[in-house]
Amino acid sequence: MSFSNVFNENKFLFSKGQSYNQPIFPPNSTWDQNATTFANQTQIGTYPYALYIDMNNSIYTINHDNGRILIWMNNSNDPNLILYTQLSSAAFSIFVTTNGQIYVGDSTSIKQIIQFSNSYSNQTTTIATVSHIIYGLFVDLNNTLYCSMFDGHQVVKTSLNSNSSTMTTVAGTGSVGSTSNLLNGPFGIFVDTNFDLYVADYWNNRIRLFRLGQINGTTVAGNTSPNITISLSYPTNVILDGNKYLFITDTWNHRIIGSDENGFRCIVACSMSSGATSDKLSDPQSIAFDSFGNLFAVDQNNNRIQKFCLSTNFCNRERKKQRFDIFI
């Protein structure tokens, strides 16, 4: 494991060039089981999905009711930047790069990936059009944009360093299946620093790993994994921490799964029953960490974003001088 940027008083280690948080947790880390509501229906509308948190702890989501991008900056309690866009109710994915460019997958009749030049501008460019619903976007360290096409059963990519919008397939063939080269409804995606691709393979109830350049994937969690240590029910999102351990939205089990050197376990909302209390979720979707290791989850059927605090940091976003030497 190599990390080229520094650990400082406000953040964990992170990898050079990335715009998202990948905390490094000690084994058996825990999160408070009772979440606080970071955003509610009044702010984010109904049936939210998209979520992104950058390394400055700015938080991005999309309000499907009015087609706007909402941005919380500087530890604000309400979105203090709003892009007055005309996104559809089918804008499910968002990714923000280190230079502040925002990418959104909008799945209207014209399914397209839209780029906003920065957080303060409504100036947009269509990066590419695709033929299927977009549930996942990711930009890797080589400035390559990945897109998961749910009903196209593929993940495709294009370089943002060129003027071409040509997409090439990196996972799936377009046919439905559960064999090593097939997907069935890919949702959230994550590309690590080795350019290996992780896919939440929704209808197959599993997380797939496609090594760089390989068309055959391996199941790393859920159904068809060599040693099934955790069962998944329609997972929608997968992210990695700084040690490349997986965190998964186990959507129809209404919980969040995490892993470490001891294997997989449920970390929050572990009753496996839907609910609206602070210890429950109902069809959770996207998840993300802030730089303090707190976990944010889009609680779709409750029309809210929940914040589960890492137990060791007392959940205080205002503690600018707090140190995390335990994570070194």
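Buried means under 20% relative accessible area, exposed means over 50%, and partly exposed lies in between, using a 1.4 Å probe and the protein chains only. By that rule A269 is buried, with a relative accessible area of 1%.

This is a predicted model, in which local features need pLDDT of at least 70 and side-chain atom pairs count only at pLDDT 80 or more, while totals for chains, interfaces and linings use all residues. Residues are numbered from 1 along each chain as its sequence is written, and side-chain values use heavy atoms, with hydrogens and water left out.

**View 1. Welcome to the whole protein, with 1 helix and 24 strands.** Helices (H or I, at least four residues) and strands (E, at least two) are DSSP runs, numbered from the N terminus. The radius of gyration is 18 Å, close to the 20 Å from the globule rule for 328 residues, so the protein is as compact as a globular protein of that length. Here the radius is taken over C-alpha atoms, and the globule rule is 2.2 Å times the number of residues to the power 0.38. Along the principal axes, the C-alpha atoms fill a box of roughly 50 × 45 × 40 Å. Of the 328 residues, 60% are buried.

View 2. Leaving aside neighbours within four places in sequence, N28 is in contact (heavy atoms within 4.5 Å) with D260, N262 and R265. The side chains of N28 and N262 make a polar contact at 3.3 Å. A polar contact is a pair of N or O atoms within 3.5 Å; within protein, one must be able to donate a hydrogen and the other to accept it, and residues adjacent in sequence count only if both atoms are side-chain atoms. N28 and G258 are 230 residues apart along the chain, and their C-alpha atoms are separated by 9.8 Å.

**View 3. Now visit two loop residues, H153 and N184.** H153 sits between β11 (144-149) and β12 (154-159), and has a positive phi of about 60° although it is not a glycine. H153 is buried, with a relative accessible area of 12%. N184 lies in the loop between β13 (168-171) and β14 (186-191) and is buried too, at 16%. Not counting residues up to four places away in sequence, N184 touches several residues, including H153, D201 and W203.

**View 4. Back to A269, in the loop between β21 (263-268) and β22 (284-289).** Phi of A269 is near 55°, a positive value in a residue other than glycine.

**View 5. Finally, here is V170 in strand β13.** V170 is buried, with a relative accessible area of 19%. Beyond four places away in sequence, V170 touches residues including Y146, V155, L197 and F210.
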